[in-house]
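Have the 3D view ready.

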Amino acid sequence: MEGRSDQPFDPKVFLAKADLGRTITRYGPNQKIFSQGDVAASVFYINEGQVKISVLSEQGKEAVVAIMGTDDFFGEGCLAGQTRRMATAVAMTDCEIMQLDKNAIMRVIHDEPAFSEMFIAHLLTRTIRVEEDLVDQLFNSSEKRLARALLLLANFGKEGKPEPILGKVNQETLAEMIGTTRPRVSYFMNKFRDLGFIEYNGKLVVHSSLLNVVLHDQPQIRR
């Protein structure tokens, strides 16, 4: 930890520089950051790039549980007593990632309210996303699950317009994300393209009109 100064603590500045307990590493596409079963003793922060988080079953079936992007944390389970990684993290694009030692991040959480606020906001956002993913899997068709996944990958709902999806998110990865087969994903992708909801010519671009697929007959949670 740096010594105290008269300058207010800036979480972004803290996460931009390597120091005691913090290391910054660059990863290329498809490079593994950690593997399921590895010792869990640090938290990771994405300065730049996209990371795929996946779980492999004993039967060898892989499920993609999250796609993380710039300014996201991952691997935070170690802070709650998780001693082994429950998933595998792989870079999808060129990435710059900070690794924060467990003790270092615990100190800054306790000492710096600005960082704590930022980190808690991340955890709450992740919790809401997991709940939404569960509802999606339980109630929605594979077509709607694919539409929602594409909108999330394109950052729809954040400030600005949907953006081209970075990295090579192939149909197999999309199938692993939504729990269906690659041929089903291929069928729906062609359908979305024919309807003008998406376009792909080198880069996959998602249009806001795809939101209609998600909103149509959206399941309601009743009291």
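What follows is a short tour of a few spots.

First, some ground rules: this is a predicted model, where local features need pLDDT of at least 70, side-chain atom pairs count only at pLDDT 80 or more, and totals for chains, interfaces and linings use all residues. Residues are numbered from 1 along each chain as its sequence is written, and side-chain values use heavy atoms, with hydrogens and water left out.

Start at helix H5, residues 171-178; helices here are DSSP runs of H or I with at least four residues, strands are E runs of at least two, and both are numbered from the N terminus. Six of its eight residues are buried, so H5 is largely enclosed by the rest of the structure. Buried means under 20% relative accessible area, exposed means over 50%, and partly exposed lies in between (1.4 Å probe, protein chains only). The buried set is Thr-173, Leu-174, Ala-175, Glu-176, Met-177 and Ile-178.

Now hop over to Tyr-27, which sits in strand S1 (residues 22-27). With 12% relative accessibility, Tyr-27 counts as buried. Skipping neighbours within four places in sequence, Tyr-27 is in contact with residues including Lys-32, Ile-33 and Asp-94, contact being heavy atoms within 4.5 Å. Met-92 lies 65 residues from Tyr-27 in sequence, yet their C-alpha atoms are 9.1 Å apart.

Last stop: Leu-134, in helix H3. At 51% relative accessibility, Leu-134 counts as exposed.
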